[in-house]
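I opened this notebook to keep track of what I looked up in the structure. The entries follow the order in which I went through it.

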Amino acid sequence: MSGERATPDYFAPESVADARRRLAEEEGFVKVVAGGQTLMLLFRQGFVQADALVDVSRLPELSGLSTGDGRARVGATTTYADLAAHEVADRVTMLGEACNGIADRQVRNAGTIGGALCHADPAFDIVPPLLCLDAEVSIASEDGHRRLPLSAFLVGHMRTDLGPDELLEGVAFDLPAPEQSGSAYEKHAAVDDGWTTVGAATLVTVSDGTFFDVRVGLTAVADTAVRSPAVESALVGNPVTEDAIEAASEEVIADIDPLDDLSGSAEYKRGLAGTLVARSLATATDRAGGDL
Amino acid sequence: MSGRECSDDGWSVGQNAPRKDARRKVRGAARYGTDMEREGMLYAGVVRSQQSHACVESVETEAAAAVDGVAAVVTRADLPEGYGDRVRHYGDVIAAVAAESREAVDVALSAIEYDLDSLESVHDPREAVREDAPLVQEYPEFSHAYRHPRFTEGTGYVQNVDDYHSADFGDAAAGLAEAEHVHEATYRTPRTNHCNLDRHCCLVEWEDDTLRVTATMGNRGHAEKTLERLFPDCEAEIERPPTAGSSFGGRSLVKLTLEPVAAVLARETDRPVRLDFDREEDFTATGSRHPTVIDVAAGATADGDLTTLIVDVAADTGPYPNGVGHIVLSSCQNRPVELYDVENYRFEGVSAITNNTPAGEYRGIGVTQVTWALESHLDELARQAGFELVEFRRSNWVEAGEDHPVSSGPVASPGPRECLTRGKETFADIRSEPDGGDSGVVYGYGVAAGGQVSTPASDKNTDYSEAKLVLDADGSLVARTGAIDIGQGAETALAQIAAAETGIDFDRVTVEGYDPTADIEDKYGSIANRTTYLIGSAVQRAAEDLTSELCSRAVAHLDSAANDLTVTGGRVEAPDGDAVALETLVEDSIVATGRVETNTAVPGYGVHFAEVAVDRETGKTDVTVYVAAQDVGYAINPTMVEGQLEGAVQHGIEFATLSELQLSEGIPENANLADYPVSSPAEMPDRLACEIVETNERSGPFGAKGVGTPSIPPVAPAITNAIRDAVGVRFTTAPVRDEDVFLALQEGEQ
């Protein structure tokens, strides 16, 4: 037995164009480095090996948030801390709640939104709120640009639709109307800075005492973060009541398929999911001005 | 007690003197083991077994030896006699490399090819001792310096016995048969790891036959003996790194896959070699807390007299006995009857050799495990019998001064009674008054008592410490001791003792830890609550001698008798106000030596109170309020005592509700800090009060005794008793995770 562990080549491109070029030219297995909060740990443990690293963490073009035309655009190397501090996180409460609950301050200061999406760990907190927002990712390579829904980008357990020569450059979503909508993120973790056992993001629009629009996203319950159409459709069109939330939340079982892992058994996660969805919905509904 | 703020004469005992090490640590100026370098030093790394039991069939080293910068490649066969050709746990040594750079080490390690032939392994301590279990270790003595005889003669314990203890008085079987209320249960305790911030690291140099190891090592004496046993012709010297890391027991002893491996590489290359562990190695190749399985049976009369206790323990020591299994068993055997006065007692315990990752010392060795079982058990017995929970236990506690039925000394402490009174009052003041709303959160309250002794002394084991005070002509004082400041505040507390006794300003006192070149006799170093208690006593004795020497010298300058004089503010003062400066009295320097010996380990108790809030819908359990009432004899530095108590609560929370190194057939599943849950300030109680109870221990300096480990045993049972109170379910396996609470509540609803 033996494990070959060669040191990968390291590149710090000076521009996004330079990064795209490097990805196109490189022949071996390349990993893009953004915040490094997950990747470096995996490198150290020998779980990830690469011939080359392309470090995009210092490219200003990829970092930061902008809003306009009712839409928010988040650069790939925007950190959790950057997002949490932005007014978008105040407006879309679940984004701020998800970001502020991730790991510890050091990780939030370095870990990036784009890095999280590309790593596609099914227990990451940032994904369910973005799924609720119907976020779209923008991807580029030497061959051009493309956009696709985040839900299509996440194809399986730590697998994405990103090609070897492609760079995820950002994620964008429509901002919910401030009136009548509210959102929340609820999660359980064994320790405050540890892995999420189950997390539930919800985005609710209330109109005339009924649920007009409901989005429910969950993490750590399947191969990827998922939406729960069963809960959503059980609520939409119904009057805003606690009973309606309770009943609909139980439907979440239809859309999840958790695994036994170090964070908890599948049985526990199934038990948590309904409760967390219900709590998240109640908070989001309250924030939307719904009268429970 | 004097005020806790600095007095006019400078910091004394009983005051919150600032820590001597704080400034350099906070500024990042402290240099730890992993910062050490030497001229010509090589870096080292180890190829470790991914199997829990296997024969090393072959190791190919040529490719590694040919790597640029590699100075030596050794295999298991090159290690000292006793390692043999088998790896016995995940993380055991197959081969090791020394090279000019870390990068060269990495490349060389990955170039080593080997073949392992898997062997049958054993992982359950009770299975391991049966006749049909595979033999893990045919030479169990090799890895541990002689410190006590190993007893291995228990009936039914045949194979893989590290140590065996039994005790019997009264008639336990009859006592149980006659009891009105009987409760029996089996408890399982977790393999928790210290998770010290500074990872294990050693720097090894040979100079002729002298093997010098620079490392944070709590038990210097034992470490030197172990190394001399492994390298029979050497003289081992343990040196301190510039700043020691923390220990909590994790740095007490030599680790078989660390210092000896570096020593072989250093001898092979004739150069200094530094070997650092990464976090996975810290989890799997050092020594975690012994997991135990503890059967408890208890019987009480109708009016609440606890008459009978039966305790049966199996501890998992891992593959390489290091003497700690013995401590686990003796603590499990003695502590229950040092706290409870029972007529009938039977104890049986075995420490088993297994193919799990090694166990070692961890704050409150054995006593943490048995106190969790016992205090859970008696709480449950009282609930089932309808006894008042606290009164049942209080009325059965031993009285101070009663003879001890198992070990030698008398129970000298006033015991936990004052802790109970003080703690109860404080707890009543700060506990929550839940409004009874229907949020799904239920509150529970728990109490537990427990304690541990200061020093490992017994009638069969004389413990001793020496300290040497050197007063320089410039009026500065150096205290040479056998201590090491592993964050417990030894430098500060010992300086306060020296300052208080000599009258020399605290800021002019420097405390030095153990040093192989200093001629200080000290049996163990900084372990087992002996630093302030025993080394502090030696400092105090030396200080008394120094003071009387100064006063007799001053007589020539002052119009007073020597015993009317006092030393203060850098001078010797007479009652009439005349004074002479120390500089006048000291030409070169004055040296005073103090020595203390003891055959008695004094007990220190705590009674702790916990409030938990349990979210019934998620199982989420928060420790919301906590009171640690602890008899510390006398608080030399109250703030540092509070730090010890707070740290005990943090470690206890991990044991009670969070942490366990999980092994599957000996293979770790969470040997990293992402997957192994460690507490942070977020997991600490929202309100935490430390009640320092001072009972003046006559044998300790200024009445002080140990606090580091006596404070941990009550923590976990106080918390899990509170969980029992909140949810009506008794958990007998720790940690009690949120998931366990959730699933138990689900089951209860069905």
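I began with the hairpin of strand 13 of chain B and strand 14 of chain B, where five residues lie between the strands and B:Gly304 takes a positive phi near 90°; strands here are DSSP runs of E with at least two residues, helices are runs of H or I with at least four, and both are numbered from the N terminus. I keep in mind that this is a predicted model, in which local features need pLDDT of at least 70 and side-chain atom pairs count only at pLDDT 80 or more, while totals for chains, interfaces and linings use all residues. Residues are numbered from 1 along each chain as its sequence is written, and chains are lettered from A and ligands numbered from 1 in the order in which they are written.

**Strand 13 of chain B.** I found strands 13 and 14 of chain B paired in the antiparallel sense over nine bridges, with B:Val296 opposite B:Val311 of strand 14; a pair requires that DSSP finds at least two bridges between the strands. Strand 8 (residues 181-188) of chain B also runs antiparallel to strand 13, joined to it by eight bridges, and there B:His181 stands opposite B:Ala300. Eight of the nine residues of strand 13 (residues 292-300) are buried, so this strand is largely enclosed by the rest of the structure; buried means that 20 or more other C-beta atoms, placed from the backbone, lie within 10 Å of the residue's own.

**Helix 10 of chain B.** I looked up helix 10 (residues 367-385) of chain B next: its 19 residues reach 26 Å from first C-alpha to last, close to the 27 Å expected at 1.5 Å a residue, a span taken as 1.5 Å times one less than the number of residues. In helix 10 of chain B, 15 of the 19 residues are buried, so the helix is largely enclosed by the rest of the structure.

**Between the chains.** I then turned to the interface, where 21 residues of chain A are in contact with 27 residues of chain B, contact meaning C-beta atoms, placed from the backbone, within 7 Å. Helix 12 (residues 266-287) of chain A gives the most to chain A's side, with five residues.

**Chain A.** Lastly, I recorded twelve helices and 14 strands in chain A. Of the 292 residues of chain A, 49% count as buried.

Key: Contact = placed C-beta atoms within 7 Å. Buried ≥ 20, exposed ≤ 12 C-beta atoms within 10 Å, placed from the backbone.
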